[in-house]
Amino acid sequence: MLRPTLTVPISEPVSAKPAVPAAPVPTTPVPTMSNDDNRSGAGSGPSTSVITKVKPKTKRPNLYRVLILNDDYTPMEFVVHVLERFFNKDAEAATTIMLHVHHHGIGECGVFTYEIAETKVTQVMDFARKHQHPLQCVMEKK
Ligand code: TYC
């Protein structure tokens, strides 16, 4: 912050000295720089600078797995279609995941940030209900 310069008279007028000396005029305190004002050059000692390091602050988002569960009724082709449609898998990847779920009971469709994962779960559950299949889709924090 820039502060106004205080002007102080260098000497008193030579003439017109009163017979009785006037009481000393109180001087206004001169504002002083605080230590973080980056003083430079004006002081008596060597000038100094404060170098402030700006830390790049990037936080990794929490990630969530979206999983599908096996059941005895949802057709295999429907599960493959879900994986292609909502998780952008090609036919081969979708079939591999579907068969993994069929044999192991659960499997990963993808990993997403919270809101994307939540949207995928809702889309799959709505789509399965619309087609009257009991397919279940859930998310879990990684
Ligand atoms: N087990 C089902 C069947 O035999 C197929 C299936 C696979 C269902 C994966 C759900 O998430 C699933 N028709």
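This is a predicted model: local features need pLDDT of at least 70, side-chain atom pairs count only at pLDDT 80 or more; totals for chains, interfaces and linings use all residues.
Which exposed residues does the face of α3 turned away from its buried side carry? Select Glu 115, Arg 129 and Lys 130: these are the exposed residues on that face, where exposed denotes over 50% relative accessible area, buried under 20% and partly exposed the range in between (1.4 Å probe, protein chains only).

Residues are numbered from 1 along each chain as its sequence is written, and side-chain values use heavy atoms, with hydrogens and water left out.

**Stop 1: helix α3**

Select residues 114–130. This is helix α3, with 17 residues; helices (H or I, at least four residues) and strands (E, at least two) are DSSP runs, numbered from the N terminus. From first C-alpha to last, α3 reaches 24 Å, close to the 24 Å expected at 1.5 Å a residue, the expected span being 1.5 Å times one less than the number of residues.

Next, select Ala 117, Lys 120, Val 121, Val 124, Met 125, Phe 127 and Ala 128, which are buried in α3. Viewed down the axis of α3, the buried residues fall within an arc of 165 degrees, so they line one face of the helix; the arc is taken over the directions from the helix axis to the C-beta atoms.

Now display the surroundings of this face. The buried residues of α3 pack against β1 (63–69), α1 (76–87), β2 (106–113) and β3 (136–141), with contact meaning heavy atoms within 4.5 Å. Beyond the helix, select Gln 132, which follows α3 and has a positive phi, near 55 degrees.

**Stop 2: a pair within α3**

Return to the helix and select Asp 126 with Arg 129. The two form a salt bridge, their closest N and O atoms being 3.6 Å apart; a salt bridge is a side-chain nitrogen of Lys or Arg within 4 Å of a carboxyl oxygen of Asp or Glu. Both residues lie in α3, 3 residues apart, about one turn of the helix. An α-helix has 3.6 residues a turn, so residues three or four places apart point the same way. Asp 126 is partly exposed at 42% relative accessible area, while Arg 129 is exposed at 57%.

**Stop 3: the salt-bridge network**

The structure holds 3 salt bridges. Select Arg 65, Glu 108 and Glu 140, which are linked in a network of salt bridges.

- Glu 108 and Arg 65: the closest N and O atoms are 3.1 Å apart. Glu 108 lies in strand β2 and Arg 65 in strand β1, so this pair ties together parts that are 43 residues apart in sequence.
- Arg 65 and Glu 140: the closest N and O atoms are 2.7 Å apart. Arg 65 lies in β1 and Glu 140 in strand β3, so this pair ties together parts that are 75 residues apart in sequence.

Colouring by accessibility shows Arg 65 as partly exposed at 23%, Glu 108 as partly exposed at 38% and Glu 140 as partly exposed at 35%.

**Stop 4: the cysteines**

Finally, select Cys 109 and Cys 137. The structure holds 0 disulfides, a disulfide being a pair of cysteine sulfur atoms within 2.5 Å. For Cys 109, the nearest cysteine sulfur is that of Cys 137, 5.4 Å away. Cys 109 is buried, with a relative accessible area of 2%, and Cys 137 is buried at 4%.
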